[in-house]
Amino acid sequence: MISNSGILAQTTFGTALGAQSTIKPKGGIWKRQITADLLLTSLIDAFSILVIFLLVNFSNAGEILSVTKDMELPKAGAVDLIERTTVVKFTQGKYFLEDKEVNQSELVAALLQARQEWIAGHPQEEFKGIVTIQADRRTKFESLNAIVLAMANTGYSDIRFAVLTQ
Amino acid sequence: MQNNKEKKYDFELNLIPFIGFMSVCICFLLLTAVWIEIATINVKQAVGGQSAAETEKKPLLWVMMDIDGALSLDVRDAAKVPAALRKLRIASKDGKVDFAEVEKVAANLLAVEPNLSTALIQPKAQSSYEDIISLMDSFKKNGLHDLGVAPL
């Protein structure tokens, strides 16, 4: 018998579930029992809700862009999903192309090299020319202008400004 | 053969492996969770790309940002837009862009020229990145989806 050979039946004198059974209540056993097992239904419900919530919120954006402590991205509401593209970051007065520091004067050369590497790595695809710009919200446009100009000079026509979703 | 009359309907599920699996799942998801949601605002280069002859003439809104938050708007290639609405100036509010006024102007322009969907933003050197993004966000929310940014 399944009910008699169950783990709980073997390890406890009686169960709360058994006592509440509508088919064959075991009130007498329940009254005499010394130990009581936990009602696990609520625990499993809580676990299930947690797992579903975390799975729904799961995002890989953190792997695409790394936001440092000193960088506060601007906020926006009408946004698009982030995609993996070439990332140019401006932080603490320095420019970074894919986490590699480059001087302002070297931005054009670095973007050209990135473009050539992309074309070499994707021979059958058309070059999309997209750059994601990541900067602190207090940055002045004169600092970002160098990136926009370098992009224009190297054939990157699409700019994606990294923002926080409002 | 088992007699149907003796069949028991009460049985206990072994929940221990299930709880173990759920615990592992929760730990993994909590450790890898990204609480900050990063997205992008997609814009185009306002200059370059195609030559003027190749570019299709579409209604266009040029927005010049001033350092104090004031905006100068210039509507081009939009025959339906009356002269009074073609060149506008939106004064700043407390040293910042007056987004309520921007919303109103965008709604007025779209009412007379529904094909207007492109706005090109020309910031100043001292314009803050946050103001530029907020302005783009405001235009996107009000139906101007094709945005461009012009370098200095």
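This is a predicted model: local features need pLDDT of at least 70, side-chain atom pairs count only at pLDDT 80 or more; totals for chains, interfaces and linings use all residues.
**A helix and some salt bridges**

The buried residues of α3(B) are V102(B), V105(B), A106(B), L109(B) and L110(B). What do they pack against? The buried residues of α3(B) have quite a list of partners in chain B: β2 (60–65), β3 (71–76), α2 (83–86), β4 (87–90) and α4 (129–141). Turn to the face that points away from the buried side, and you'll find the exposed residues A100(B), K104(B) and A111(B).

Next, the charged pairs. Over all chains, the structure holds 15 salt bridges. One of them joins K140(B) to D80(A), with the closest N and O atoms 3.3 Å apart. That pair crosses between chains: K140(B) sits in helix α4 of chain B, while D80(A) sits in the loop between β1 (75–76) and β2 (86–91) of chain A. Is K140(B) buried or exposed? With a relative accessibility of 12%, K140(B) falls under the 20% cut-off, so K140(B) counts as buried. D80(A), at 28%, counts as partly exposed.

Over in chain A, R84(A) and E98(A) meet through their side chains in a salt bridge, 3.1 Å from N to O. R84(A) belongs to the loop between β1 and β2, and E98(A) to the loop between β3 (94–97) and β4 (100–102), so this pair ties together parts of chain A that are 14 residues apart in sequence. R84(A) is exposed, at 54% relative accessible area, whereas E98(A) is partly exposed at 37%.

Back in chain B, the side chains of D74(B) and K87(B) form a salt bridge as well, at 3.2 Å from N to O. Here D74(B) is in strand β3 and K87(B) in strand β4, so the pair ties together parts of chain B that are 13 residues apart in sequence. D74(B) is buried, with a relative accessible area of 10%, but K87(B) counts as exposed at 60%.

Finally, some salt bridges share partners: E72(A), D136(A), R137(A), R138(A) and E130(B) are joined in this way into one network.

Methods: Residues are numbered from 1 along each chain as its sequence is written. Chains are lettered from A and ligands numbered from 1 in the order in which they are written. Side-chain values use heavy atoms; hydrogens and water are left out. Buried means under 20% relative accessible area, exposed over 50%, partly exposed in between (1.4 Å probe, protein chains only). Helices (H or I, at least four residues) and strands (E, at least two) are DSSP runs, numbered from the N terminus. Contact means heavy atoms within 4.5 Å. A salt bridge is a side-chain nitrogen of Lys or Arg within 4 Å of a carboxyl oxygen of Asp or Glu.
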